Amino acid sequence: MPIDDIKPTRAGLLIVRRRMALAERVHELLSMKLDGMMLELIRLTDRAAEQRRELEDLYTGAREMAAVAAMMEGATGVLLAALSVEAVPTYAVGHKNVFGVRLPDLEPVAVKKTLDERGYGVLGTSSVIDDAADAYENLIEAIIASAELEGGVRQLLDEIERTRRRVNALEFKVIPELMEKRRFIEYQRDEMERQEWTRLRRIKKIKAKRAEKR
Amino acid sequence: MALRGMISPSYIYACTRFRVRRTKLLPRDAYRRIMQMGIPEIVTHLGRQEEYQEIMDLAGDFSGARLIEEAVNRNLARSFRGAMAIAPGSLHTLTGEYLARWDIANVMAILRGTVHHIPRQQIRDLLIPAGELDRALLDHLLSFTTCGEALDALQGWRLYPILAEHYRVCGEEGAFARIEDELYQRYYAGLLGLARSGCSGCQELIPYLRFEIDITNMKNLLRLHCAREACDITLVDQTMIPGGNMSIDLLRRLYGAGTEAEFTSIFLQTTIVPVLARAVRELRQDPNFSSTDAAELVWRRWHQHLRPVHEIEMAITRIRLQQMDALSRRYPFSVLPVLAYLERKRYEVANLRAIARGKAFGLPADRIWQYIVL
């Protein structure tokens, strides 16, 4: 029932009081959720920033290893080793629940490989290819970890924004309106009570005068 | 075939031509000059040289470091095919056997490209027809759509028996790595077999080849050991090349060594140690670096599951080439000057490629210099 349709009656007052209690409870819970999500966001942001720094270091290292591999084996040798890859690295998508928010949980699949899983022959390549492959495998793992954290931060930010809007709506609109309505109903009921009391007194007086005349 | 002490005129003629060709390779000072240049200057510098005319032919299709790499690769292919053309008799056979490593790389690239459906042009760009299989045959192989068809077309190739053994598993996961390893094992066996056939200079070539096998085996043993998970001992057997001074059994014992004392006692018996010690002495300018220090160095990397240091690998390659040069001067009319030229040419191309790639990645000059073999 919209708040404007609530009648200034005892039943209406009870409805408003119930709604008010519910709104205050929800507000308290959402505020706690918001605080929790903020703490989680700070933790996740720190980890994401650290992961991003690590990713940048790994990227620099991987590029350097690719440079060394290209120097020693030639871009041709590096490409030939790259063409030998038989299992394409990928990731499995899962979810984890943090304060009711579904954060991505990415698991690398076929990223880190042993020497015999990489597909190239040991005798046709040299250790620079292994170093470059290791460096890029680590880089892909870091990219997946970074994507998981940054995706989580983004989801959390969206949820924080949504929750904040709800908390603000409760705090600055729903609860004040309900308070106002409750006050209005109480005034109305007081006024009606006073009117009733005055009416009864008036009737009583009229009755008393009539009795005196008789 | 020429017997020792009875050198045929064609041998003398060919060996002299190879010695002349060697003198045309880039000297140390040329590398120093090139190192001071940027990539456009290197392209201009090489383009002005008669030897590197490929760079002008390719300038319309490629640019930068890629242009240099493509040009030097084609130059390598042309030089090696030229070497095959002038080498007579057993020199020709041995040169062909030596150049089979490029054939292996080309064949494996084509087979992988065919199975993994990689665009043909991309594969074609990766081929270096420096071996027996010429560009026309490689293009013919590229036209096939299945692994079996490509294998059938390779029936005349000297390493075809290995491919025939794996005909059924071609394209299965892990099969190409096994085929590639077996091809290289057969390649070294073929080279050693020819060297044992008694050509001029072959007796001296055998220790060189054995040392190359030892050093390759040792590097690969370190690679296998430093893998994330300990590999099966059968993989050690599959990837080690037989025929070196270090037997496969010794390599297996080395792989299983658990303590420093055990490892170093086995490692000190190998022929690698003195060369490794010399390489580190030259690299670090440390005259006191002994064989024991070298064994300890290898143990430390072994124990920490680390791969060989690239700079030391390059230093060992330099020493190997010096040994080959010394042998080729000692036996001027044998297979050794031919192989010395082929090895020097191979590293000239590798050096130019290393400089171009290093400069393209913005590496400092002294870092690039560590990967140059002079």
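Two residues are in contact here if their C-beta atoms, placed from the backbone, lie within 7 Å. Keep that in mind for what follows, since this is a predicted model.

Now for chain A itself. It's built from two helices and two strands, and along the sequence they run α-β-β-α. With a radius of gyration of 35 Å, well over the 17 Å that the globule rule gives for 214 residues, chain A is more spread out than a compact globule. Here are its figures side by side:

| Property of chain A | Value |
|---|---|
| C-alpha trace span along the principal axes | about 130 × 25 × 20 Å |
| Buried residues, of 214 residues | 28% |
| Share of contacts with a separation of 6 or more that join residues 24 or more positions apart | 81% |

Back to chain B, where the domain assignment gives domain 1 (9–201 + 331–369) and domain 2 (208–312). The C-alpha centres of these two domains of chain B lie 27 Å apart. Their contact takes nine residues from domain 1 and seven residues from domain 2. On the domain 1 side of that contact, the classes come out as six nonpolar, one polar and two charged residues.

Conventions: Residues numbered from 1 in each chain as written. Chains lettered and ligands numbered in written order. Predicted model: local features only at pLDDT ≥ 70, side-chain atom pairs only at ≥ 80, totals over all residues. Helix = DSSP H or I, 4+ residues; strand = E, 2+ residues; numbered from the N terminus. Rg over C-alpha atoms; globule rule 2.2 N^0.38 Å. Buried ≥ 20, exposed ≤ 12 C-beta atoms within 10 Å, placed from the backbone. Domains from an automatic or database assignment. Nonpolar A, V, L, I, M, F, W, Y, C, P; charged D, E, K, R; others polar.
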